[in-house]
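Open the model in your viewer and keep the selection panel at hand. The stops below go from a whole chain to single residues.

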Amino acid sequence: MRKGKNKLDIGIISIFLIWSLIPILWLLGTSLKSELYVDSNPPHWLPNFDLTAFKKILENDAIQKTLTNSLIIAVGSTLLAIFCGSLAGFALGQLITKRHIEFEFWILSSRLAPAIAIVLPLFIGFQFFHMQDTLLALILAHAVMLIGLVTWILIETFRAIPKELKDACEVDGCTEWQMFIKIMLPLARSSIIGIASLSFLLSWNEFFLSLVLSSSNSLTVQVLLYQSIGYQIFSLSQLAATSVIVLLPTLFVVSIFQKQLIQGLTFGSVKG
Amino acid sequence: MLNRRARAKILFLTPITILLLVMTIFPFVYLIIISFTDKAATNRNTKFVWFENYIEIFRDHQFYQSVSITLIITIFSVFLEISLGLILALSFTNLYRNLWFLRAIVLVPMAAAPVATLFNWRFMLNTSTGVINYFISIFGFSEVGWLDSKTVGLTSIILVETWMWTPFVFILLTGALSSIDKNVVEAAQVDGANRFVLAKYIYIPMLKPFLIIALVLRIIDAAKSFDAIQILTSGGPGYDTASYNFLIYLNGIQYLNFGNAAAQAMILIIVLMVISRRFFNRLVREAVES
């Protein structure tokens with residue numbers, strides 16, 4: 001009886017999966033087509049599995065450089081955000097028994113504020129300090145974008161660790177620092193790895209801050225891809241191949257760290 | 001003299017405080033200050049003009065146009081995202097299975113790099129070579145200039161935004177639905193309640209707080225949407241699809257009118273603060289109670 005009733009649900013879900021996936025599959029298909037197949041009329045629905053575009057793209061100097069930049073920025077900003085976030089998460093989740101809601105909301109509000117309001121002064125400020133278009137400037141800007149989310153989740157992570165552990169440690173006479181390094185970090189490890197992967201993804205995917213703050217030296221692959229759309233530097237199948245390469249971290253995080261992804265993307269309002 | 005414990009707490013909070021001070025508080029204070037000046041790349045002697053930037057904004061017809069575009073994009077896309085996300089979340093719940101693999105697929109549009117997926121949309125929506133126009137031509141419809149005019153361009157932006165962000169509403173609501181008491185649902189089904197009765201009297205009332213969270217977070221984000229406009233239409237033709245946030249970007253970063261753009265950004269911040277204030281109060285209250 002239930003089976004018949006569920007036809008509608010299965011129908012809705014199927015339609016939605018098609019609507020979600022077709023554009024991604026079309027992109028993948030385009031990246032695997034030869035130049036002549038890409039915008040032919042009528043279109044070739046199936047790719048001819050030509051890997052030339054991927055080969056050309058991975059040999060291209062500009063792509064290699066921007067991929068490296070994106071990697072450095074994503075790793076750097078993730079490390080910085082995790083460093084600041086785990087220290088603060090430990091302090092607010094374990095050391096301080098009373099909830100400092102104002103402080104926590106100050107941290108989270110850094111994520112809700114419009115990016116343009118911060119990026120405009122940073123754009124002027126980085127020029128003033130001769131830091132414009134450096135990897136460091138990008139790492140700092142991305143770390144600020146991540147810090148609210150990372151700290152918010154880490155506060156909850158550390159708060160969930162039983163307080164008795166901390167008390168027992170205190171009785172044994174260890175310092176707060178030893179407590180943090182030897183007990184808390186190992187316990188929070190799996191959660192930290194998940195949040196770090198999410199941070200990496202968010203920084204890697206980031207477009208707006210990078211568009212404003214990087215121009216040549218620190219150009220990220222996202223901005224290079226955007227700039228190439230309007231010009232004839234790369235062919236359409238090469239642009240699609242670049243897009244597919246850019247999408248790889250997403251597939252990795254979606255398949256392995258789904259819980260943290262869900263928690264992070266919904267501001268922790270769902271436990272995943 | 002602070003004791004060791006208090007000193008430790010301060011030390012642990014020092015890195016984040018420095019980072020946020022240097023990268024958000026100082027810039028924000030600076031933004032407020034320059035919003036009262038005529039600072040621009042072309043202007044060597046910056047001076048205070050007080051509220052002139054703000055007055056100028058309200059005199060500019062572009063302000064009203066971009067605000068109406070922002071409202072159109074926000075209202076339609078958030079409405080579609082919430083309705084579709086709700087329908088989808090209820091369908092998944094009705095199946096009573098943990099379809100984690102399908103859930104992962106649903107997440108992809110939101111988790112994917114926006115430049116990559118938006119490039120692909122632009123490519124598919126292309127008037128002469130795009131696959132979407134070819135597809136509709138099979139059914140005898142004529143070519144549509146998906147990104148070439150105001151009304152159709154905005155429709156395309158709204159649909160692509162919906163494609164990207166419906167998963168957000170979906171995961172927020174499925175998370176909430178997974179905690180619902182199965183016995184209540186089964187009892188209602190024994191009494192002959194069909195899907196619509198279940199949705200109306202059990203699921204939706206229970207989801208109400210989560211629908212509000214989804215609504216507020218999506219409004220805040222949709223009102224700031226930038227990527228889709230920048231990549232699909234670049235605000236064109238003319239300024240026909242330029243949202244308010246996009247206009248600030250053009251004004252401040254492209255035309256380097258820092259003072260004026262700062263004032264525009266201040267207005268956006270104030271409006272977003274008003275929208276999220278009630279919501280924040282509510283979250284604070286819940287946090288205190290828990």
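Helices here are DSSP runs of H or I with at least four residues, and strands are runs of E with at least two. Keep in mind throughout that this is a predicted model.

**Stop 1: chain B as a whole.** Select chain B and colour by secondary structure. The chain has 12 helices and zero strands, and its pattern along the sequence is α-α-α-α-α-α-α-α-α-α-α-α. Turn the view along the principal axes: the C-alpha atoms fill a box of roughly 75 × 75 × 30 Å. The radius of gyration of chain B is 24 Å, whereas a compact globule of 290 residues would have one near 19 Å. Of the 290 residues in chain B, 41% are buried. Among contacts in chain B with a separation of 6 or more, 69% are between residues 24 or more positions apart.

**Stop 2: where the chains touch.** Show both chains.

**Stop 3: the core.** The largest nonpolar core has 161 residues, and A:Val119, A:Leu120, A:Leu213, B:Leu173 and B:Ala265 have the most contacts inside it. Helix H8 (residues 135-159) of chain A supplies the largest share of this core, 17 residues. Now select A:Leu120. Among the residues it touches in chain B are B:Leu31, B:Gly252, B:Phe258 and B:Ala265.

Stop 4: How many of the nine residues in helix H8 (residues 182-190) of chain B are buried? The count is zero. Just after this helix, B:Gly192 takes a positive phi of about 90°.

**Stop 5: backbone details in loops.** Select B:Gly236 and B:Pro237, which are joined by a cis peptide bond with omega of about 0°. B:Pro237 lies in the loop between helix H10 (227-232) and helix H11 (244-254) of chain B.

Next, go to A:Phe49, in the loop between helix H3 (35-38) and helix H4 (52-59) of chain A. A:Phe49 is not a glycine, yet has a positive phi of about 50°. A:Phe49 counts as exposed because it has 9 C-beta neighbours inside 10 Å.

End at B:Trp50, in the loop between helix H1 (4-34) and helix H2 (52-59) of chain B. B:Trp50 is not a glycine either, and has a positive phi of about 50°. With 10 C-beta neighbours inside 10 Å, B:Trp50 counts as exposed.

Note on methods
Residues are numbered from 1 along each chain as its sequence is written. Chains are lettered from A and ligands numbered from 1 in the order in which they are written. This is a predicted model: local features need pLDDT of at least 70, side-chain atom pairs count only at pLDDT 80 or more; totals for chains, interfaces and linings use all residues. A nonpolar core is a set of buried Ala, Val, Leu, Ile, Met, Phe, Trp, Tyr and Cys residues joined through C-beta atoms within 7 Å. A residue is buried if 20 or more other C-beta atoms lie within 10 Å of its own, exposed if 12 or fewer, and partly exposed in between; C-beta atoms are placed from the backbone. Two residues are in contact if their C-beta atoms, placed from the backbone, lie within 7 Å. The radius of gyration is taken over C-alpha atoms; the globule rule is 2.2 Å times the number of residues to the power 0.38. Lists of a residue's contacts leave out its neighbours within four places in sequence.
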